[in-house]
Amino acid sequence: MQTSQIEIVPFGPDHLEAAVALSRQAGWPHRTEDWQLALALSDGMVAVEDGKVVGTVLVTPYKGDCATINMVIVDETMRGRGLGRKLMGAALLAAGDRPLRLVATTAGLPLYQKLGFHETGTVLQHQGLVGEIAAPAETEAATDTDLAGIAELDRFAFGADREGLLSYLAGIGEFAIIRRDSGISGFACLRPFGRGEVIGPVVAADLGQARMLIEHFIARRPGRFLRVDTTAETGLSPWLAQHGLAHVGGGITMKKPLVRDAADPAVTTFALASQALG
């Protein structure tokens with residue numbers, strides 16, 4: 001079987017069930033609803049051979065600022081035959097001239113490097129059943145009128161306009177914020193995902209604020225299964241483990257081309273973005 005026999009076609013509603021099955025085969029926790037969220041924000045493509053979906057890839061554009069590549073999955077019976085490269089070729093065409101970001105597995109790292117992606121950091125995935133903690137006094141639930149301020153802060157930290165994503169998340173989840181000097185200095189989102197719920201993205205002025213925003217939701221979910229994705233440089237990993245969120249894996253953050261975000265979030269803003277789109 002050659003990959004030339006495989007057709008890359010737009011991701012349609014009739015491909016959803018097969019895509020969920022592929023993510024389960026890969027050991028990922030995505031439900032049908034999680035795929036639907038990602039598809040609502042992305043351009044999706046599937047690889048089809050003899051009517052069977054054997055691969056997926058999603059490209060999530062953030063206006064003209066950048067795009068992320070998500071849900072790159074190849075059926076285990078097709079691996080090692082160049083299908084991953086073929087899917088990535090379709091994704092690069094769909095992304096156009098936008099700078100690209102993705103989170104790579106160790107297995108996928110060599111392919112992405114050959115395609116011009118550069119390592120930028122490490123994602124640490126934490127999850128588990130959380131215990132009881134006191135709710136921080138400095139946080140509060142966001143209202144609809146806070147969404148514009150949340151989007152502005154996120155744009156500064158992420159280096160791209162994710163207003164569409166944040167609006168979608170507000171419709172299925174909830175936001176917490178910290179106010180300082182009549183403005184929003186930090187926020188976090190909680191939404192359903194996988195086995196339970198995921199906290200992210202989180203953007204805060206410092207590590208202390210980030211902890212408070214995460215505590216805001218842990219305090220409201222005692223005994224519940226939660227997930228938080230962080231990066232190695234934040235130093236949050238030991239603290240998350242102390243609260244029942246064990247380190248269970250992660251990935252490698254990458255960019256193409258290697259560009260410096262205008263805000264340089266590693267210096268000016270504590271930014272913790274959930275990788276749960278894929």
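These legends describe close-up views of a predicted model. Local features need pLDDT of at least 70, side-chain atom pairs count only at pLDDT 80 or more, and totals for chains, interfaces and linings use all residues. Residues are numbered from 1 along each chain as its sequence is written, and side-chain values use heavy atoms, with hydrogens and water left out.

**View 1. Gln125 in strand E6.** Gln125 belongs to strand E6, residues 118–129. Strands (E, at least two residues) and helices (H or I, at least four) are DSSP runs, numbered from the N terminus. Gln125 counts as buried because its relative accessibility is 18%. Buried means under 20% relative accessible area, exposed over 50%, partly exposed in between (1.4 Å probe, protein chains only). Beyond neighbours within four places in sequence, Gln125 is in contact with residues including Arg227, Asp229, His247 and Gly249. Contact means heavy atoms within 4.5 Å.

**View 2. Strand partners of E6.** E6 and E12 (residues 246–256) run antiparallel, joined by nine bridges. Two strands pair if DSSP finds at least two bridges between them. Gln127 lies opposite Ala246 of E12. E11 (residues 225–231) is also antiparallel to E6, with seven bridges. Here His126 has Val228 as its bridge partner.

**View 3. Helix H7.** H7 covers residues 207–218. The expected span is 1.5 Å times one less than the number of residues. Nine of the twelve residues are buried, among them Met212, Leu213 and Phe217. At the start of H7, a side-chain oxygen of Asp206 comes within 3.2 Å of the backbone nitrogen of Gly208.

Terms used:
A polar contact is a pair of N or O atoms within 3.5 Å; within protein, one must be able to donate a hydrogen and the other to accept it, and residues adjacent in sequence count only if both atoms are side-chain atoms.
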